[in-house]
Amino acid sequence: MKKRILTGDRPTGRLHLGHYVGSLKNRAALQDEYDLFVMMANVQALTDNFDNPQKIRDSIAEVVKDNLAVGVDPKKATIFVQSQVPEIAELTIFFLNLVSLSRLKLNPTVKDEMRQKGFGDEVPVGFLIYPISQAADILFLKADLVPVGEDQNPMIEQSREIARRFNSLYGSVFPEPKGLIGDVGRLVGMDGQAKMSKSLDNAIYLSDSSDEVKRKVMSMYTDPKRIRPTDPGTVEGNPVFVYHDAFNENKGEVEDLKDRYRNGKVGDVEVKEKLFVALEGFLAPIRERRVQISDSDVADILEEGLKRVKPVARETIEEVRAAMKLPDFS
Ligand code: TRP
């Protein structure tokens, strides 16, 4: 039997280049070697969007299309919707007993997000516990590997802790999942902020038109200390070069640009124009594939995905109930 991968996306909008380098690239690359499961995390998306259910509903198809467009193959991968697997919710309830409030509050990603959303002490409990629900996402499937961006590492760590705790209390049910961080674990935003993110509005989307990509690239944040093209510039951590490293396959061109940038022999405009060309080379085929996928294709894929995932969920939940001495009248 092949080892399993489980990973997921919050359907709160279309996916961007950060999602690609963090996780999508690895999904497509590993779908032959592993049994790949991709979950549309709509229950998790509601934890901080419970007032906008329509957005979540509408985004599911967009996110499925993004996955297919980058090469996730529905013949090999099982793509399904979280809310259609209520066993995950049941497992979450059991896992809540295994984690303390103080442990939850240590999660750096949750801390950052709470600050960003300005929740303070009024944080909704559902949001605070989403790492526990995410552990249930991963463990119900007994996933071996979880491809994610670097910001999701604390969630994997939490899942491993819960698996260990459950196993020691009730008997060995869950394997400890491993995280797999993309080769660019965290892609900076185009505004130079640490993370490309929908909510920070600093992202290039996989489905952006060529004009949108051009506009975004040309207005990208670079080295703020460099005023004239003849000033020596800093390459390290400079978003334009981070993107060149991640997406420009012409490594010779990238090295030449870096060299000239450091020596004040190239303007930002040329560096950005070349980045635009590189990004277009990457995005144009994705865009083309994406428009060929219809909403009814998506519906069929999700229906098939649910059929495949359901028996796995049933099997795990029965094992869990038995381990926890819950009565079974079936
Ligand atoms: N929290 C992840 C994100 O924001 C999405 C997600 C939900 C996920 N459940 C998961 C990722 C399980 C990996 C495994 O991107």
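How do the residues of the shell around the ligand divide into nonpolar, polar and charged? Some notes on that and the rest follow.

1. A word on the model: it is predicted, with local features needing pLDDT of at least 70 and side-chain atom pairs counting only at pLDDT 80 or more, while totals for chains, interfaces and linings use all residues. Residues are numbered from 1 along each chain as its sequence is written, and side-chain values use heavy atoms, with hydrogens and water left out.

2. To the opening question: the shell has 6 nonpolar, 5 polar and 2 charged residues. Here Ala, Val, Leu, Ile, Met, Phe, Trp, Tyr, Cys and Pro count as nonpolar, Asp, Glu, Lys and Arg as charged, and the others, Gly among them, as polar.

3. Of the 13 residues around the ligand, the nearest are Gly-8, Gln-44, Gln-134, Asp-137 and Gln-152 (near means a heavy atom within 4 Å). At least two shell residues come from each of β1 (4-9), α8 (130-139) and β4 (145-148); helices (H or I, at least four residues) and strands (E, at least two) are DSSP runs, numbered from the N terminus.

4. Now look at the ligand's nitrogen atoms. Gln-44 has a polar side-chain atom 2.8 Å from one nitrogen atom of the ligand, and for Asp-137 the distance to a ligand nitrogen is also 2.8 Å. For a polar side-chain atom of Gln-134 it is 2.9 Å. On its own the ligand has 360 Å² of accessible area, and the protein covers 91% of that (Shrake-Rupley method, 1.4 Å probe).

5. Stepping back, the chain has 14 helices and 5 strands. Its C-alpha atoms fill a box of roughly 75 × 45 × 40 Å, taken along the principal axes.

Conventions:
A polar contact is a pair of N or O atoms within 3.5 Å; within protein, one must be able to donate a hydrogen and the other to accept it, and residues adjacent in sequence count only if both atoms are side-chain atoms.
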